[in-house]
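Student: I have a protein model open and would like to work through its architecture. Can we take it one question at a time?
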Amino acid sequence: MTSLDAHRSGFACFVGRPNAGKSTLTNALVGSKVAITSSKPQTTRHAIRGIVHRPDAQLIIVDTPGLHRPRTLLGQRLNDLVYETWSEVDVVGFCVPADQKIGPGDRYIAEQLAKVAKRTPVIGVVTKTDLVGKQQVAEQLLALQQVMEFADLVPCSAVDSYQMDVLADLLVGRLPEGPQLYPDGELTDEPETTLIAELIREAALEGVRDELPHSLAVGIEEMVPREGRDDLIDVHAVIYVERQSQKAIVIGRGGERLRAVGSQARKHIQALLGSKIYLDLHVKVAKDWQRDPKQLRRLGF
Ligand SMILES: Nc1nc2c(ncn2[C@@H]2O[C@H](COP(=O)(O)OP(=O)(O)OP(=O)(O)O)[C@@H](O)[C@H]2O)c(=O)[nH]1
């Protein structure tokens with residue numbers, strides 16, 4: 001085999017401000033819903049890997065939380081997770097949505113990226129091109145080019161699959177030669193409990209307009225098969241909020257909202273596990289959990 005058609009394998013991650021479309025891009029490339037998406041920013045907390053299997057390459061995508069100016073201990077931990085990821089991957093995709101002006105948030109990320117990932121090639125990705133006209137895409141590409149030096153630039157849309165193959169080729173082109181690292185068909189190596197916690201968190205955030213998503217965390221206390229049944233799993237989970245007033249919002253009048261959250265989360269968890277589940281959901285106030293190292297550890301940060 002010549003080096004031209006050698007098999008490549010390695011890691012990529014997408015960075016960009018919240019809502020830039022990173023999770024959606026990962027899902028579109030992988031072809032299955034693995035990372036959790038939501039219309040609310042800052043929902044991706046854990047490095048969830050989606051794997052693109054191709055005859056010529058295996059691309060493992062690590063999804064990172066959004067990078068932001070740290071104000072709390074949680075903010076700092078999330079940023080550390082991002083830096084750690086950057087130093088481990090072979091290529092970074094820096095995502096900027098086509099429909100929003102490049103701003104201080106994007107420049108901040110570019111600065112951090114230039115510092116931390118000097119040796120990692122960065123591909124500039126203009127996302128959501130379906131939302132704007134050709135002219136605006138071109139202008140965004142030019143504007144992005146001013147922000148930092150890129151190995152490549154590419155506009156694309158996950159929604160109408162525009163240029164997804166080009167993006168995949170650019171990412172794969174930056175991977176080292178190497179064998180398949182994961183068996184065929186494997187999509188994610190994130191522990192099930194993390195995915196389940198994310199699904200509950202996503203359901204709990206849906207429709208909460210005035211509360212910041214940062215005030216909400218989910219812990220899985222226990223996950224056990226029901227005794228004497230091989231078709232039912234009991235899942236005990238706790239939704240943590242920071243204040244009593246937030247607890248009331250999550251629970252809703254007469255517990256109505258919490259029931260809706262539970263039934264939506266249950267549907268998604270059952271689809272994930274391929275098994276019936278009983279979901280026992282509680283809401284607890286953990287004051288200032290974002291600032292407390294002990295509580296952060298318990299919640300997996
Ligand atoms: N029209 C359009 N919308 C998109 C596209 N990609 C993502 N979106 C939408 O943009 C919003 C944010 O997408 P996500 O993939 O969750 O963004 P993210 O960058 O992972 O966000 P965080 O996890 O908060 O950092 C969602 O409502 C998506 O449906 C696209 O190609 N076209």
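Student: Which residues does phenylalanine 150 touch, not counting residues up to four places away in sequence?
Tutor: This is a predicted model. Phenylalanine 150 is found in the loop between helix H4 (134-147) and strand S6 (152-155). The C-alpha atoms of phenylalanine 150 and valine 122 are separated by 5.4 Å, although these residues are 28 residues apart along the chain. Not counting residues up to four places away in sequence, phenylalanine 150 touches Val122, Ile123, Gly124 and Gln145.

Student: Is phenylalanine 150 buried, exposed or partly exposed?
Tutor: A residue counts as buried if 20 or more other C-beta atoms lie within 10 Å of its own, and as exposed if 12 or fewer do. Phenylalanine 150 has 17 other C-beta atoms within 10 Å, so phenylalanine 150 is partly exposed.

Student: Why is phenylalanine 94 classed as it is by burial?
Tutor: Phenylalanine 94 lies in strand S4 (residues 91-97). Leaving aside neighbours within four places in sequence, phenylalanine 94 is in contact with residues including Val15, Ile109, Leu113 and Val122. Because phenylalanine 94 has 24 other C-beta atoms within 10 Å, phenylalanine 94 is buried.

Student: How many residues has the largest nonpolar core?
Tutor: In soluble globular proteins, nonpolar side chains tend to be buried together. In the largest nonpolar core, the residues with the most contacts inside it are Val15, Val92 and Phe94. Apart from that core lies another, of 21 residues, among them Ala197, Val218, Ala237 and Trp289. The largest nonpolar core has 43 residues.

Student: What is the order of strands in the open sheet of three strands?
Tutor: The open sheet has mixed pairing. The edge strands are strand S7 (217-225) and S9, each of which pairs on one side only. S7 and S8 pair in the antiparallel sense over eight bridges, and isoleucine 220 stands opposite alanine 237 in S8. The order is S7-S8-S9.

Student: What is the reach of H8 from its first C-alpha to its last?
Tutor: Helix H8 covers residues 256-273, which is 18 residues. At 1.5 Å a residue, 26 Å is expected, and the helix comes close to that. Just after H8, glycine 274 takes a positive phi of about 65 degrees. From first C-alpha to last, H8 reaches 26 Å.

Student: Which residues of H8 are exposed on the other side from the buried ones?
Tutor: In H8, Val261, Ala265 and Ile269 are buried. These cover an arc of only 60 degrees around the axis, so they are on the same side of H8. What covers the buried residues includes helix H6 (192-205), strand S8 (232-241) and strand S9 (276-285). On the other side, the exposed residues are Glu256, Ser263 and Ala271.

Student: For the protein as a whole, what percentage of residues is buried?
Tutor: The protein has nine helices and nine strands. Of the contacts with a separation of 6 or more, 69% are between residues 24 or more positions apart. Among the 301 residues in the protein, the buried share is 37%.

Key:
Residues are numbered from 1 along each chain as its sequence is written. This is a predicted model: local features need pLDDT of at least 70, side-chain atom pairs count only at pLDDT 80 or more; totals for chains, interfaces and linings use all residues. Helices (H or I, at least four residues) and strands (E, at least two) are DSSP runs, numbered from the N terminus. The expected span of a helix is 1.5 Å times one less than its number of residues. The arc is that of the directions from the helix axis to the C-beta atoms. Two residues are in contact if their C-beta atoms, placed from the backbone, lie within 7 Å. Two strands pair if DSSP finds at least two bridges between them. A nonpolar core is a set of buried Ala, Val, Leu, Ile, Met, Phe, Trp, Tyr and Cys residues joined through C-beta atoms within 7 Å.
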